[in-house]
Structure formats: C-alpha cells, structure tokens
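Student: I would like to learn how to read a helix and its aromatic neighbours. Could we go through one model together?

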Amino acid sequence: CEGGEGAALPIASVRLAWRKEWECGHRVIDMQHQELIALANNLLNIAYAGAQKTQVVAQLEGLLNHIGWHFEAEEEVLAALNYPERHEHAAKHRQLLAKALRMKTLFQQHQLQMSAFFSFVVDDIVIGHMLQDDSRFFAHTRTAAQQHS
C-alpha cells in the first residue's frame with residue numbers, strides 16, 4: 001500500500017444531487033436544503049481526498065452549524081404557516097442535532113469512522129428527514145407559495 005495516512009483513497013466518487021421534486025415551494029427552505037446537499041458533498045470530497053482531520057472537522061462543524069441554523073429557520077416558517085405538526089417536527093430536529101453532535105464527538109475521539117457519520121447525514125438527515133419528514137409539510141408550503149404568486 002503506497003502513501004501515508006493522508007493519501008487519497010482509491011474509491012469511486014460519491015455525490016448527492018439535488019432533485020426538483022425535493023422542492024417544498026418555500027424559497028428559503030429550498031435554498032437551505034440545496035446548501036445542505038452542497039455542504040455534505042464538500043465534506044465527502046475533502047474527507048475522501050485525504051484532507052487532514054482538522055480540515056474534515058472544520059467542514060463537519062460548518063455542516064452541523066448549517067443544519068442547526070436551517071432547523072431554526074424551518075421551524076419559524078412552519079410556525080408562521082401554522083403547520084399542525086410543527087412541534088413534533090421541531091422535536092425531530094432536536095433529536096437529529098443531538099445525535100449529530102454526539103457522532104462528531106465520537107469522530108473527534110477516534111471512536112467513529114467518517115463513513116458512519118456520512119451514512120447518518122445521508123440516511124437520517126437527507127433521506128430520512130429532508131425527503132420523508134419534511135415532505136409532510138410540502139402541501140402547506142406549496143399552497144402558501146401559490147397564494148403569494
């Protein structure tokens with residue numbers, strides 16, 4: 001095996017791609033969701049390109065900050081729309097963010113592989129939350145967007 005600890009891994013490129021059907025109709029939420037995908041892709045790219053752990057952690061912190069900020073903004077939108085399940089949705093946000101922070105700590109302590117964190121981001125946040133949980137409020141945000149058109 002050539003190269004040291006920082007050598008690039010010989011793996012296929014992994015990339016999340018935004019899809020039009022993921023849009024909820026609220027400009028701010030859709031932009032933040034697209035930014036979440038971009039940040040996750042950037043984290044994947046630098047981690048598997050052999051970046052130093054400090055660079056990966058900095059990118060990871062940026063992603064987690066965006067997730068926390070996005071969750072707050074999304075909750076404000078849902079409250080303004082009087083979305084009936086907004087409190088349950090906010091509780092899911094708190095659970096996801098708490099798990100993400102625990103995983104970050106484990107990664108920093110060398111007790112968790114980066115691939116496990118990526119799996120969490122993709123499976124739990126992007127697919128499980130953004131595409132499944134968030135899709136439950138799409139009818140509300142799309143209706144509101146149409147009324148403002």
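**Reading helix α4**

Tutor: Gladly. In α4, the buried residues are M114, F117, F118, F120, V121, I125, V126, G128, H129, M130 and D133; buried means under 20% relative accessible area, exposed over 50%, and partly exposed in between, with a 1.4 Å probe and protein chains only. Helices are DSSP runs of H or I with at least four residues, numbered from the N terminus. This is a predicted model, in which local features need pLDDT of at least 70 and side-chain atom pairs count only at pLDDT 80 or more, while totals for chains, interfaces and linings use all residues. Residues are numbered from 1 along each chain as its sequence is written, and side-chain values use heavy atoms, leaving out hydrogens and water.

Student: Which helices do the buried residues of α4 pack against?

Tutor: Contact means heavy atoms within 4.5 Å. The buried residues of α4 pack against α1 (27-48), α2 (53-80), α3 (86-108) and α5 (138-147).

Student: Where does α4 bend?

Tutor: The bend at a residue is the angle between axes fitted to the seven residues ending there and the seven starting there. For α4, the bend is about 25° at V126. Compare the span too: the expected value is 1.5 Å times one less than the number of residues. A straight helix of 20 residues would span 28 Å, whereas α4 spans only 25 Å between its end C-alpha atoms.

Student: What does I37 touch, leaving aside residues up to four places away in sequence?

Tutor: I37, which lies in helix α1, touches L16, W18, W22, V126 and M130. I37 counts as buried because its relative accessible area is 3%.

Student: How many aromatic pairs does a search of the whole structure find?

Tutor: Rings of Phe, Tyr and Trp (its six-membered ring) pair if their centres lie within 6.5 Å; planes under 30 degrees apart count as stacked, over 60 as edge-to-face and the rest as tilted. The search finds four pairs. One of them is the tilted pair of F117 and F120, at 6.0 Å centre to centre and 55° between the planes. Both lie in helix α4 (residues 114-133), three residues apart, about one turn of the helix. An α-helix has 3.6 residues a turn, so residues three or four places apart point the same way.

Student: How is the pair of F137 and F138 arranged, and what angle lies between the planes?

Tutor: F137 and F138 pair edge-to-face, 5.7 Å centre to centre with 65° between the planes. Together with Y83, they form one aromatic cluster. F137 is buried because its relative accessible area is 0%.

Note on methods:
Helices (H or I, at least four residues) and strands (E, at least two) are DSSP runs, numbered from the N terminus.
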